[in-house]
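Please keep the sequence and the coordinates at hand while reading.

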Amino acid sequence: MDGFECGGHPGEDDVPNFILLPRAAEELTIPFVASGGMADGRSLVAALALGAEGMNMGTRFIATQEAPVHENVKRAIVAASELDTRMVMRPLRNTERVLSNAAVERLLQKERELGAAITFEDILPEVAGVYPRIMQSGEMDAGAWSCGMVAGLIHDVPTVQQLIDRTMAEAHALIHERLAGLAR
Ligand SMILES: Cc1cc2nc3c(=O)[nH]c(=O)nc-3n(C[C@H](O)[C@H](O)[C@H](O)COP(=O)(O)O)c2cc1C
């Protein structure tokens with residue numbers, strides 16, 4: 001279940017995970033994982049509390065040592081705050097949450113100017129074929145690329161092992177120290 005916070009395509013209903021996950025738990029009879037805005041042990045414990053069986057991390061895993069993307073991408077995620085993403089392509093009902101950059105601001109300007117008349121052809125320079133230039137060549141202003149609001153919680157580039165170990169240690173401490181008080 002991918003909440004409104006997520007990097008990439010959140011759909012058009014804008015339901016954040018505090019609502020989406022418990023609603024999913026009400027409706028679904030199969031297990032599901034929480035996705036969108038997940039970064040650490042706090043996310044994992046919250047996801048479990050809200051009815052998920054686990055969590056998926058998108059943006060967080062891109063800022064790891066092993067992620068096969070240009071160093072500039074990892075630096076951009078670490079540098080970004082929770083206020084630095086934008087929603088693009090909403091008028092085309094193809095909403096994507098991306099990191100703000102010069103190309104994204106140009107795209108949004110086109111959306112404002114063209115309104116309901118906008119077509120995919122109008123924004124091809126900002127979205128078509130830009131991923132290899134960004135992810136492989138590190139041209140950070142080449143176009144729009146998916147990034148979650150969770151960038152505001154990402155402050156380092158650990159190995160995957162370190163990230164998972166830290167996440168599980170945080171979750172363990174939260175459950176056995178902070179939350180254990182509720183059970184008393
Ligand atoms: C750079 C990037 C590329 C992505 N590409 C795809 C994709 O091609 N297909 C897809 O279904 N989701 C894609 N996603 C969305 C992720 O699968 C996941 O739903 C999302 O990252 C979760 O939100 P988070 O970034 O807040 O963790 C992408 C996300 C990022 C950050």
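## Overall architecture

Helices are taken here as DSSP runs of H or I with at least four residues, and strands as runs of E with at least two, both numbered from the N terminus. On that basis the protein chain, which is a predicted model, has eight helices and four strands, and along the sequence these elements follow the pattern α-β-α-β-α-α-β-β-α-α-α-α.

Taken along the principal axes, the C-alpha atoms of the protein chain fill a box of roughly 60 × 35 × 25 Å. Of the 184 residues in the protein chain, 33% are buried, and among contacts between residues at least 6 apart in sequence, 58% join residues at least 24 apart.

In soluble globular proteins, nonpolar side chains tend to be buried together. The largest nonpolar core in this model has 37 residues, and those with the most contacts inside it are Ile77 and Ala144. At least two residues of this core are supplied by each of α1, α2, α4 (71-79), β4 (96-99) and α5 (102-114). When neighbours within four places in sequence are left aside, Ile77 is in contact with Thr59, Ile62, Ala63, Cys147, Ala151 and Ile154.

## Helix α8 and its buried side

Helix α8, formed by residues 160-178, has 19 residues and reaches 26 Å from its first C-alpha to its last, which is close to the 27 Å expected at 1.5 Å a residue. Its buried residues are Leu163, Thr167 and Ala171; because they cover an arc of only 60° around the axis, they lie on the same side of α8. An α-helix has 3.6 residues a turn, so residues three or four places apart point the same way.

The face of α8 turned away from this buried side carries the exposed residues Gln161, Asp165, Met168, Ala169, His176 and Glu177. The buried residues of α8, in turn, pack against α2 (41-49).

## Helix α2 and Ser43

In α2 the buried residues are Ser43, Leu44, Val45 and Ala47, and they pack against α1 (17-27), β1 (34-35), β2 (55-56) and α8. After α2 comes Gly51, whose phi is positive, near 115°.

Ser43, which has its place in helix α2, counts as buried because it has 22 C-beta neighbours inside 10 Å. Although Ser43 and Thr167 are 124 residues apart in sequence, they are 8.8 Å apart in space, C-alpha to C-alpha. Leaving aside neighbours within four places in sequence, Ser43 is in contact with Gly37, Met38 and Met55.

Met140 is found in the loop between α7 (131-136) and α8, and it counts as partly exposed because it has 18 C-beta neighbours inside 10 Å. Met140 touches Asn72, Ala76, Asn101 and Ile134, not counting residues up to four places away in sequence. Met140 and Ile175 are 35 residues apart in sequence and 39 Å apart in space, C-alpha to C-alpha.

## Surroundings of the ligand

There are 19 residues around the ligand, and of these Cys6, Gly7, Gly8, Gly58 and Gly148 come nearest. By class, the shell around the ligand has seven nonpolar, nine polar and three charged residues. Helix α3 (residues 59-62) provides the largest share of this shell, namely three residues.

Notes
Residues are numbered from 1 along each chain as its sequence is written. This is a predicted model: local features need pLDDT of at least 70, side-chain atom pairs count only at pLDDT 80 or more; totals for chains, interfaces and linings use all residues. The expected span of a helix is 1.5 Å times one less than its number of residues. A residue is buried if 20 or more other C-beta atoms lie within 10 Å of its own, exposed if 12 or fewer, and partly exposed in between; C-beta atoms are placed from the backbone. The arc is that of the directions from the helix axis to the C-beta atoms. Two residues are in contact if their C-beta atoms, placed from the backbone, lie within 7 Å. A residue is near a molecule or strand if its C-beta atom, placed from the backbone, lies within 6 Å of it. Ala, Val, Leu, Ile, Met, Phe, Trp, Tyr, Cys and Pro count as nonpolar, Asp, Glu, Lys and Arg as charged, and the others, Gly among them, as polar. A nonpolar core is a set of buried Ala, Val, Leu, Ile, Met, Phe, Trp, Tyr and Cys residues joined through C-beta atoms within 7 Å.
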